[in-house]
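Hi everyone, thanks for coming. Please have the sequence and the 3D view open while I talk.

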Amino acid sequence: MMKISIAILGLAATFSALPATAEPVEIMLPADTSTLLESSLPGYTIALQKCGICHSADYINFQPPGLSLAQWTAEMGKMQHSYGAPLGEEEINLLGAYLAVTYGSAKATDVDVQALTAAEKASKADSVTDEGAIDVQALLTANACMGCHAIDHRVVGPGFNEVAVKYASEKDAPAKLAASIQRGGAGKWGQVPMPPMSNLSDAQLQALADFVLAQ
């Protein structure tokens, strides 16, 4: 009983010596400088736009080397179904092809990869629309804009109304904002980068810019 009492008193003395409240520790992580390997495949622009929403480009290097087209495509399907990545079925296939060729064991000359590329070119040729036919809400959903932004408050990035206020005094604000959406970047609103929307047409970029500036 004496030994237990002494031990308890020792612990009490130890804890009593600790500060009553611990100050929060702020950790500043280094900026992410990793980049995706460039490619002429259509999946590259999708990767630039959407992969950076959830993780850095360096995350791809943590995957097993030499994955095949089927394996990389399955990984992209898992990103969508298990983790909620904002990807359509066509984008999953195109991302799988880009990753398999650039990081895995596939080649750009493989029949399956060429078939996906040809289908994407045909799809773009059939989907030419004028500015008046652009569905902005569909663009916001397809490009996961609302995952990082809201209309009237900050999420990961600024609310659209905050962006509208910032650009209100800018000359040629619609063109400047459209260019900013296209290029992406970091530093204007914090250190979290915005992925570039380089796959969007000029009309789609302008429609998004006009929508944001109207908030």
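This is a predicted model: local features need pLDDT of at least 70, side-chain atom pairs count only at pLDDT 80 or more; totals for chains, interfaces and linings use all residues.

Residues are numbered from 1 along each chain as its sequence is written, and side-chain values use heavy atoms, with hydrogens and water left out.

Let's start with a helix. Helices here are DSSP runs of H or I with at least four residues, strands are runs of E with at least two, and both are numbered from the N terminus. How far should the 15 residues of helix α3 span? The expected span is 1.5 Å times one less than the number of residues, so α3, residues 69–83, should span 21 Å, and its end C-alpha atoms are 20 Å apart, which agrees.

Now, which residues of α3 are buried? Buried means under 20% relative accessible area, exposed means over 50%, and partly exposed is in between, using a 1.4 Å probe and protein chains only. The buried ones include Leu69, Trp72, Met76 and Met79.

That brings us to the cores. A nonpolar core is a set of buried Ala, Val, Leu, Ile, Met, Phe, Trp, Tyr and Cys residues joined through side-chain atoms within 4.5 Å. The largest one has 25 residues, and among those with the most contacts inside it are Trp72, Met76, Leu95 and Tyr98. Helices α2 (42–54), α3 and α4 (89–102) are the elements that give two or more residues to this core. Its largest share, seven residues, comes from α4. Take leucine 95: leaving aside neighbours within four places in sequence, its contacts (heavy atoms within 4.5 Å) include Ile46, Cys51 and Met76. Apart from this core lies another, of 20 residues, including Ile134 and Val212.

Next, the rings. A pair of aromatic rings is described by the distance of the centres and the angle of the planes. Rings of Phe, Tyr and Trp (its six-membered ring) pair if their centres lie within 6.5 Å; planes under 30 degrees apart are stacked, over 60 edge-to-face, and the rest tilted. How many aromatic pairs does the structure hold? There are four. Tyrosine 59 and phenylalanine 62 make an edge-to-face pair, 6.3 Å centre to centre with 80 degrees between the planes. Phenylalanine 62 is exposed, at 63% relative accessible area. Tyrosine 98 and tyrosine 103 are also edge-to-face, at 6.2 Å and 85 degrees. Tyrosine 98 is buried, at 0%. Together with Tyr44, Tyr98 and Tyr103 form one aromatic cluster.

On to the cysteines. A disulfide is a pair of cysteine sulfur atoms within 2.5 Å, and the structure holds zero of them. For cysteine 145, the nearest cysteine sulfur is that of cysteine 148, 8.5 Å away.

Last stop: is alanine 168 buried or exposed? At 64% relative accessibility, alanine 168 counts as exposed. You'll find alanine 168 in the loop between α7 (160–167) and α8. Its C-alpha atom is separated by 7.7 Å from that of leucine 213, 45 residues apart along the chain.
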